[in-house]
Amino acid sequence: MTVYPDPTDDIIERFEADGFVVVEDAVPESDLAALDEAVEKIISDVEEYAIDWAWEEGRTLDQREFKFVQASPSKIWLQLGKSRFRQWFLEYAGKLLGMPVEFWYDHFIGKAPSSNIATNWHQDEAYWGRALADRAITCWVPLHDVDETNGCMSFARGSHKIGIVEHRRPAGIKSNMLHCEVPDGCELVSAPIRRGSVTFHHSKTVHMAWPNTSSEWRRIITQHMNAVGVDTASDKRDHYPWKVVASPESWQRSRSSRSDLETEQKLTIGR
């Protein structure tokens, strides 16, 4: 097993053709254990550290179920920004994308046991705006083995070459969640992977994640990065017409300060 490998020419060619790659056995157990601790802290008090991304319309603040939660591990594991984990995925992603990249934001995306909520088909760039066009990439890191029973990813092969497709809001959801139809002619590829393995996908790649029907939390970390020099301030991203601006109330945590809420809204833009 070679941890933190370099991408081979074959992997780079595969990424360019397919819009995604799986990197097997990339992250060492020692770094995963540190992420485990951060994620456990989030799960132990979701109202303090996370938002409910599947918060249903008609439910009050106190009625949130937190079946589908988001939070930033960097706020819990403060050394993450200096870790070999962070440095590796920047190096690897830059070689896949063919340009130097820098860290933008990260997410813990948890699906509660037996929550049965899928992550809809979407393109990350549809959330991010035209300024990120072909200049952004995501690394998806499971903290346990994943398959179609507990929330692994699926990709539409080659969909990053088609352009941005129209996105819509799912019915009955308060958050900024979006979804799209899979473009015609794309092969759908499920990507079950083991703990320690990761996936990378292009910002235009149409992808989804399966519901969690297991008896344990689905625990994954995403790392999002963009080409060096891109201004990712929300008002600089030239958003698409379907952009959703969630109201402060819809994102509010019961014990959030205003400054925390503004940071959270900036970070929480779709996975």
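This is a predicted model: local features need pLDDT of at least 70, side-chain atom pairs count only at pLDDT 80 or more; totals for chains, interfaces and linings use all residues.

Biologist: How many helices and strands does the protein chain have?

Modeller: The protein chain has seven helices and 11 strands. Buried residues make up 57% of its 271 residues. Buried means under 20% relative accessible area, exposed over 50%, and partly exposed in between (1.4 Å probe, protein chains only). Among contacts with a separation of 6 or more, 82% are between residues 24 or more positions apart.

Biologist: Which residues of α1 are buried?

Modeller: An α-helix has 3.6 residues a turn, so residues three or four places apart point the same way. In α1 (residues 9–18), the buried residues are Ile11, Ile12, Phe15 and Asp18. Seen down the helix axis, they fall within an arc of 150 degrees, so they line one face of α1; the arc is that of the directions from the helix axis to the C-beta atoms. The face turned away carries the exposed residues Asp9 and Glu13. The cover over the buried residues of α1 includes β1 (20–23), α4 (84–97), β6 (136–142), β7 and β9.

Biologist: Which residues of β6 are buried on one side and which on the other?

Modeller: In a regular strand the side chains alternate between the two faces of the sheet. Ala136, Thr138, Trp140 and Pro142 of β6 are buried on one side, and Ile137, Cys139 and Val141 are buried on the other. That accounts for seven of the seven residues of β6.

Biologist: Which strands does β6 pair with, and in what sense?

Modeller: Strands of a sheet pair through backbone hydrogen bonds, either parallel or antiparallel. Two strands pair if DSSP finds at least two bridges between them. Seven bridges join β6 to β11, and these strands run antiparallel; Cys139 has Gln223 in β11 as its bridge partner. β6 also pairs with β9 in the antiparallel sense, over four bridges, where Ile137 is partnered by His202.

Biologist: In what order do the four strands of the open sheet lie?

Modeller: The order is β5-β10-β7-β8, with antiparallel pairing. Its edge strands, β5 (119–122) and β8, each pair on one side only. Within this sheet, three bridges join β7 (residues 153–156) to β10 (residues 207–209), and Met153 stands opposite Ala209.

Biologist: Where does Arg195 lie, and why does it count as partly exposed?

Modeller: Arg195 lies in the loop between β8 (188–191) and β9 (198–202). Arg195 counts as partly exposed because its relative accessible area is 23%. Not counting residues up to four places away in sequence, Arg195 touches residues including Glu29, Leu32, Asp36 and His144. The C-alpha atoms of Arg195 and Leu32 are separated by 8.5 Å, with the two residues 163 apart along the chain. The side chains of Arg195 and Glu29 are joined by a polar contact of 2.6 Å. A polar contact is a pair of N or O atoms within 3.5 Å; within protein, one must be able to donate a hydrogen and the other to accept it, and residues adjacent in sequence count only if both atoms are side-chain atoms.

Biologist: Are His239 and Asp62 buried or exposed?

Modeller: His239 counts as buried because its relative accessibility is 19%, whereas Asp62 counts as exposed at 71%. His239 is in the loop between β11 (218–227) and α6 (248–251), and a polar atom of its side chain lies 3.1 Å from the backbone oxygen of Ser234. Asp62 is in the loop between β2 (51–52) and β3 (68–71).

Notes: Residues are numbered from 1 along each chain as its sequence is written. Side-chain values use heavy atoms; hydrogens and water are left out. Helices (H or I, at least four residues) and strands (E, at least two) are DSSP runs, numbered from the N terminus. Contact means heavy atoms within 4.5 Å.
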